[in-house]
Amino acid sequence: MAKRFRIVSSGLAACLAACGQVPPQTSATRPQGDATWHAVVPAGTARYELALGEVSSGAAPEHRVTPVYPASLLASCPPPEEVRALFIVSATGKVDDVRIDDEASAGADRRLYIAAVKAAASQWFFLPLKVERWAADANGESHLVDSQARPFSLAYDFHFECHGGAARVTAGDAASAPGHGAK
């Protein structure tokens with residue numbers, strides 16, 4: 001077990017080291033984009049109220065895809081851009097809708113960032129939100145009475161940034177370190 005841990009931790013360390021390295025920009029290198037995100041809980045967020053004996057689990061990302069920095073904006077390298085998106089997730093864990101507050105009034109450049117977020121979000125999958133009801137029998141032993149999957153929503157902030165013609169879109173999850181690509 002200790003040997004397996006060392007192998008896994010060595011591989012993880014190598015992966016993290018590789019993620020932190022940025023290759024030098026040369027004239028032959030095409031600028032590329034990255035993305036980062038982090039979960040947020042906006043004020044006034046509604047939550048399911050659990051009754052006595054109920055427990056919930058799930059509602060966590062199972063597969064995430066990082067948005068692609070809009071290629072048409074790389075040459076101009078605009079200032080950093082933030083996009084807050086509310087993911088509406090079905091009881092099966094599929095993202096059914098992505099809502100962005102200022103989408104209707106967004107300018108042309110911002111619409112490119114919004115489109116990148118929506119394209120990536122359509123590929124995200126979540127563990128379904130399960131609410132289980134437990135009860136104790138006459139002997140005091142707990143047993144499952146029923147279980148139900150429920151829809152839910154989660155908000156994420158996406159950060160797009162360009163440095164010297166190279167794009168960076170960062171995504172950090174509140175529960176874990178920032179990451180790149182699908183998880």
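This is a predicted model: local features need pLDDT of at least 70, side-chain atom pairs count only at pLDDT 80 or more; totals for chains, interfaces and linings use all residues.

Residues are numbered from 1 along each chain as its sequence is written, and side-chain values use heavy atoms, with hydrogens and water left out.

**Whole chain.** Begin with a cartoon view, where the chain has 2 helices and 10 strands, with helices (H or I, at least four residues) and strands (E, at least two) taken as DSSP runs numbered from the N terminus. Followed along the sequence, the pattern is α-β-β-β-β-β-α-β-β-β-β-β. Of the 183 residues, 31% are buried, where buried means under 20% relative accessible area, exposed over 50% and partly exposed in between, with a 1.4 Å probe and protein chains only.

**The core.** Next select Tyr-69, Phe-87, Trp-124, Phe-126, Phe-158 and Phe-160, the residues with the most contacts inside the largest nonpolar core, which has 29 residues. Such a core is a set of buried Ala, Val, Leu, Ile, Met, Phe, Trp, Tyr and Cys residues joined through side-chain atoms within 4.5 Å. Colouring β4 (81–89), β5 (95–99), α2 (108–121), β9 (152–163) and β10 (166–170) shows the elements that give two or more residues to this core, and α2 supplies the largest share, 6 residues.

Now centre on Phe-126; leaving aside neighbours within four places in sequence, Phe-126 is in contact (heavy atoms within 4.5 Å) with residues including Pro-61, Phe-87, Val-95, Phe-152 and Tyr-156.

**Pro-78.** Move to the loop between β3 (61–63) and β4, where Pro-78 is placed. Is Pro-78 buried or exposed? Pro-78 counts as buried because its relative accessible area is 16%. Not counting residues up to four places away in sequence, Pro-78 touches Tyr-69, Leu-73, Tyr-113 and Cys-162. Pro-78 and Cys-162 are 84 residues apart in sequence, yet 6.8 Å apart in space, C-alpha to C-alpha.

Finally, select Thr-45, Ala-46, Arg-47, Ser-153 and Leu-154, which of the 18 lining residues are the closest to the centre of the largest pocket. On a 1 Å grid over the protein atoms alone, a pocket is an open set of points where a 1.4 Å probe fits, with protein on both sides within 12 Å along at least five of seven lines, and lining residues have an atom within 4 Å of a point. From β9 comes the largest share of the lining, 4 residues.
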